[in-house]
Amino acid sequence: MADDSKASNVGGRYAQALFDLASDEKQVAAVEADLKSLKTALADSNDLRVLVHSPAFSAEDKAKGLAAIAAKAKFAATTKKFLGLLAANGRTALLASVITGYEDLSAKARGAVSAQVTTAIPLSAAQSKGVAAALRQALGKDPEIQTRVDPAILGGIKVQVGSRLFDASLKSKLDSLKFALKRA
């Protein structure tokens with residue numbers, strides 16, 4: 001568990017450095033768009049995940065692969081340089097953490113709050129609006145909602161805003177009932 005904390009801390013530092021550089025170059029929105037498309041590619045492509053995480057590939061191979069993706073996707077120069085730096089430093093495994101950290105920093109700079117909403121089935125448009133309205137009221141800021149479907153939670157909803165987790169999933173309720181029954 002300490003290793004995950006250390007890794008996310010390093011990812012956060014890289015994200016902060018990239019955000020500072022993008023801010024200086026007035027490229028915050030362009031870099032964020034690049035990172036969002038890269039995040040989607042990471043989620044969709046098993047080959048890309050293997051390239052980024054596997055120790056079988058050298059830093060040079062990872063840099064070439066990421067450079068090819070960046071060139072094909074026409075990423076901003078700042079993003080291309082950063083991906084090269086990440087590969088050269090042997091930190092490509094932190095890419096997802098860096099992207100999340102950058103999105104949080106960018107949202108904070110805009111005065112928005114990033115929220116991760118997890119449900120067992122996809123939300124309808126009306127449900128999404130309801131969740132957004134509830135979060136807006138609870139947080140006092142406009143939420144930028146990222147939805148995720150995880151059938152393992154069985155039902156209900158999980159909402160993560162920063163380090164806070166609001167868990168109203170059926171799985172957690174059943175787990176707490178199971179724990180209470182074991183104690184009795």
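Two strands pair if DSSP finds at least two bridges between them. Helices (H or I, at least four residues) and strands (E, at least two) are themselves DSSP runs, numbered from the N terminus. With that in hand, we can walk through this structure.

What you have above is a predicted model, where local features need pLDDT of at least 70, side-chain atom pairs count only at pLDDT 80 or more, and totals for chains, interfaces and linings use all residues. Residues are numbered from 1 along each chain as its sequence is written, and side-chain values use heavy atoms, with hydrogens and water left out.

Let's start with the overall picture. The protein has eight helices and four strands, and from the N terminus on they follow the order α-α-α-α-α-α-β-α-β-β-β-α. Its C-alpha trace spans about 55 × 35 × 30 Å along the principal axes. Of the 184 residues, 30% are buried; here buried means under 20% relative accessible area, exposed means over 50%, and partly exposed is in between (1.4 Å probe, protein chains only).

The four strands make an open sheet in the order 2-1-3-4, with mixed pairing. Strand 2 (143-149) and strand 4 (164-169) sit at the edges with a single partner strand each, so one side of each has no neighbour in the sheet. From one strand to the next, the twist averages 15°, taking axes as lines fitted to C-alpha atoms (for helices over the stretch in contact) and angles from 0 to 180 degrees between N-to-C directions.

Here is how the strands pair up:

| Strands | Sense | Bridges |
|---|---|---|
| Strand 1 and strand 2 | parallel | seven bridges |
| Strand 1 and strand 3 | antiparallel | five bridges |
| Strand 3 and strand 4 | antiparallel | six bridges |

Strand 1 covers residues 113-119. Six of its seven residues are buried, so strand 1 is largely enclosed by the rest of the structure. Towards strand 2, Val 113 stands opposite Pro 143, and Thr 119 has Val 149 as its bridge partner. Towards strand 3, Ala 115 is bridged to Val 161.

To get from strand 1 to strand 2, the chain passes through helix 7 (residues 125-139), a right-handed β-α-β crossover. Right-handed means that, with the strands pointing away from the viewer, the path from the first strand over the helix to the second runs clockwise.

Next, the surface. Leu 154, Leu 170, Leu 174, Leu 177 and Leu 181 form a nonpolar patch there, with about 480 Å² of accessible area together. Accessible areas come from the Shrake-Rupley method with a 1.4 Å probe, and for residues only the protein chains shown count as cover. Leu 181 belongs to helix 8 (residues 170-183) and is exposed, with a relative accessible area of 60%.

Finally, look at helix 2 (residues 28-44), where Asp 44 lies. Asp 44 counts as exposed because its relative accessibility is 64%. From Asp 44 to Leu 170 there are 126 residues in sequence and 28 Å in space, C-alpha to C-alpha.

How values were computed: Patch = residues over 30% accessible without salt bridge, like charges linked within 9 Å, V, L, I, M, F, W, Y side chains within 5 Å. Salt bridge = Lys/Arg side-chain N within 4 Å of Asp/Glu carboxyl O.
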